[in-house]
Amino acid sequence: MPHSCETAPFSIAFQSQAEMEKFAALLSKSVSLGNCFALHGEMGVGKSTFARAFIRAYCDDAEMEVPSPSFAILQNYGENFELFHYDLWRLDEGSSLEELDWEEAEKNIMLVEWPEHAGEDLPASTIHFFFSLEDGEDVESPRVLRWQAPEAVAEKLLQIKENLISQRAETSERYVAD
């Protein structure tokens, strides 16, 4: 559940996987130390795809292999290992996040899949992304991303959204998941 802070909810429906990846890439270029992105959503709605695109763009390596941190729970990236990618799906209830460098991660950049497993340990300023399928359970349907973020970050996200929408070309391409 998101922490209470001054927030603004907004959303975008992606026309393709490539468009979602572009949004993630653009976002990666405007992050700051201390940013935490909580990636909410059911299995198969695009959280890992979004995280991979974000990480590849952040590291400026489009071909970089970005394994899911599902088994290890944590993968670090960046020149100084300042980007912490968590997948908390396997985290047992009551497990300590301290063992996963959580305090260190809070000073850096965090991507957290399955953030509900972190309980109340997410930073108060966390940016919450809610991924869903536009047409309910149809995996071929476009992905929808809603976000809740502090005002300054919400403004950046709106700029990224506007940039992306202005670049859209007429297309009949449907979203296809990996």
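Me: What is the handedness of the crossing of α1 and α4?
Reply: Keep in mind that this is a predicted model. In it, the axes of helix α1 (residues 17-28) and helix α4 (residues 151-167) come within 10 Å. The way α1 and α4 cross is right-handed.

Me: And which residues of α4 make the contact with α1?
Reply: On the α1 side you'll find Glu19, Lys22, Phe23, Leu26 and Leu27. By class, the contact counts six nonpolar, two polar and three charged residues. From α4 come Leu157, Ile160, Lys161, Asn163, Leu164 and Gln167.

Me: Are α1 and α4 parallel, antiparallel, perpendicular or oblique to each other?
Reply: The two axes cross at roughly 140 degrees. To count as roughly antiparallel, an angle has to be over 145 degrees, and roughly perpendicular stops at 115. So α1 and α4 are oblique.

Me: How far apart are the axes of α1 and α2?
Reply: Two packed helices are described by the angle between their axes and the distance between the axes. For α1 and α2, the angle is about 45 degrees, which makes the pair oblique. Their crossing is right-handed. As for the distance between the axes of α1 and α2, it is 8 Å.

Me: How many nonpolar residues are in the contact of α1 with α2?
Reply: α1 brings Gln17, Met20, Glu21, Phe23, Ala24, Ala25, Leu27 and Ser28, while α2 brings Thr49, Phe50, Ala53, Phe54, Ala57 and Tyr58. Sort them by class and you get three polar, one charged, and a nonpolar group of 10.

Me: What does α2 reach from its first C-alpha to its last?
Reply: Helix α2 covers residues 47-58, which is 12 residues. Its buried residues are Lys47, Thr49, Phe50, Ala51, Ala53, Phe54, Ile55 and Ala57.

Me: Which residue just after α2 takes a positive phi?
Reply: The phi there is about 55 degrees. The residue just after α2 with that value is Asp60.

Me: Is Phe81 buried or exposed?
Reply: Phe81 has a positive phi of about 55 degrees, even though it isn't a glycine. Its place is the loop between β3 (74-77) and β4 (83-87). Exposed means over 50% relative accessible area. Phe81 comes out at 54%, so it is exposed.

Me: What is the relative accessible area of Asp101?
Reply: Asp101 is another residue other than glycine with a positive phi, near 60 degrees. You'll find Asp101 in the loop between β4 and α3 (102-106). It counts as partly exposed, at a relative accessible area of 42%.

Me: How far apart in space are Glu113 and Phe37, C-alpha to C-alpha?
Reply: Glu113 lies in strand β5 (residues 109-113). It is buried, because its relative accessible area is 2% and the cut-off is under 20%. Leaving out residues up to four places away in sequence, Glu113 touches Leu39, Lys47, Ser48, Ala51, His85, Tyr86, Asp87 and Leu88. Glu113 and Phe37 sit 76 residues apart in sequence, and in space the separation is 8.6 Å.

Me: Zooming out, what pattern does the protein follow along the sequence?
Reply: There are four helices and seven strands. Of the 178 residues, 45% count as buried. Among contacts between residues at least 6 apart in sequence, 67% join residues at least 24 apart. Read along the sequence, the pattern is β-α-β-α-β-β-α-β-β-β-α.

How values were computed:
Residues numbered from 1 in each chain as written. Predicted model: local features only at pLDDT ≥ 70, side-chain atom pairs only at ≥ 80, totals over all residues. Heavy atoms only, no water. Axes fitted to C-alpha atoms, helices over the stretch in contact; angles between N-to-C directions. Helix = DSSP H or I, 4+ residues; strand = E, 2+ residues; numbered from the N terminus. Parallel < 35°, antiparallel > 145°, perpendicular 65-115°, else oblique. Left-handed = near helix turned anticlockwise from the far one by under 90°. Contact = heavy atoms within 4.5 Å. Nonpolar A, V, L, I, M, F, W, Y, C, P; charged D, E, K, R; others polar. Expected span 1.5 Å × (residues − 1). Buried < 20%, exposed > 50% of the residue type's maximum accessible area, 1.4 Å probe, protein only.
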